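Subject: Handover of a structure

Dear colleague,

Please find below the structure that I am handing over to you. A summary of the findings comes after it.

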Amino acid sequence: MLTLKPNTDIPNTNKSLVDAQHSIHDVFTLWQSNWGFPNGIAQQDLTEWVNEFGGDLVYYVIETALRRNVKSSGADSYLRITLSAYKKQGINTVEKAVQEAEQHQRQMSREYQQKSGSRKRQPINEGLPEWFKKQQEEQPNKQHYERIDDSGDPMPHD
């Protein structure tokens, strides 16, 4: 059985990480119960991420990946990209991550509404062209063909 311990060489000054509710064991259990046992690279990444961001945030990102139906083959990459973006944005707690997700959702909704609103076009009511009207007037008694016989030739309507 794999025994994991947080890296104690890195001082942890973030109070939210000290008060974490999800341990590294919880993170590994969530991963394993959904995607199977993590390979060596994923084990190393998970350990580093929990040490850097805390168990709660890594656990939250895994839950988000699961809600988005991320497959096991893309899980490590999804977490790496998401946590890298969080680091650039200064997101280091679940609360900040939730706020960012809500803000992103509102922005996407606004953009969608703006795009869909601009695409609504009024129908154009055009009359029949003159050449078509003349053609109809010149051939008023033309028979209507509706069926095709076995030879493929049209048959006049009864």
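The following paragraphs set out what was found in the structure.

This is a predicted model, in which local features need a pLDDT of at least 70 and side-chain atom pairs count only at pLDDT 80 or more, whereas totals for chains, interfaces and linings use all residues. Residues are numbered from 1 along each chain as its sequence is written, and side-chain values use heavy atoms, with hydrogens and water left out.

The average pLDDT (the predictor's confidence in each residue, from 0 to 100) is 80 for the protein, and 71% of the residues score at least 70. Residues 1-18 have a pLDDT below 50, and this stretch has 18 contacts (heavy atoms within 4.5 Å) in the model beyond near neighbours in sequence.

The protein contains 7 helices and 2 strands. Both are DSSP runs numbered from the N terminus: helices are H or I with at least four residues, and strands are E with at least two. From the N terminus on, the order of the elements is α-α-α-α-α-α-α-β-β. Of the contacts between residues at least 6 apart in sequence, 58% join residues at least 24 apart.

Of the 158 residues, 25% count as buried. Buried means under 20% relative accessible area, exposed over 50%, and partly exposed in between (1.4 Å probe, protein chains only).

The axes of H3 (residues 40-53) and H4 (residues 55-67) come within 7 Å and cross at roughly 125 degrees. Axes here are lines fitted to C-alpha atoms, for helices over the stretch in contact, with angles from 0 to 180 degrees between N-to-C directions. H3 is therefore oblique to H4; angles under 35 degrees count as roughly parallel, over 145 as roughly antiparallel, 65 to 115 as roughly perpendicular and the rest as oblique. H3 contributes Leu 46, Trp 49, Val 50 and Phe 53 to the contact, and H4 contributes Gly 55, Leu 57, Val 58 and Ile 62. These residues divide into 7 nonpolar (Ala, Val, Leu, Ile, Met, Phe, Trp, Tyr, Cys and Pro), 1 polar (the others, Gly among them) and no charged (Asp, Glu, Lys and Arg).

Two single residues complete the account. Asn 69 lies in the loop between H4 and helix H5 (72-89), and its phi is near 60 degrees, a positive value in a residue other than glycine. Asn 69 counts as exposed, at 59% relative accessibility. Gln 32, in helix H2 (residues 24-35), is partly exposed with a relative accessible area of 42%.
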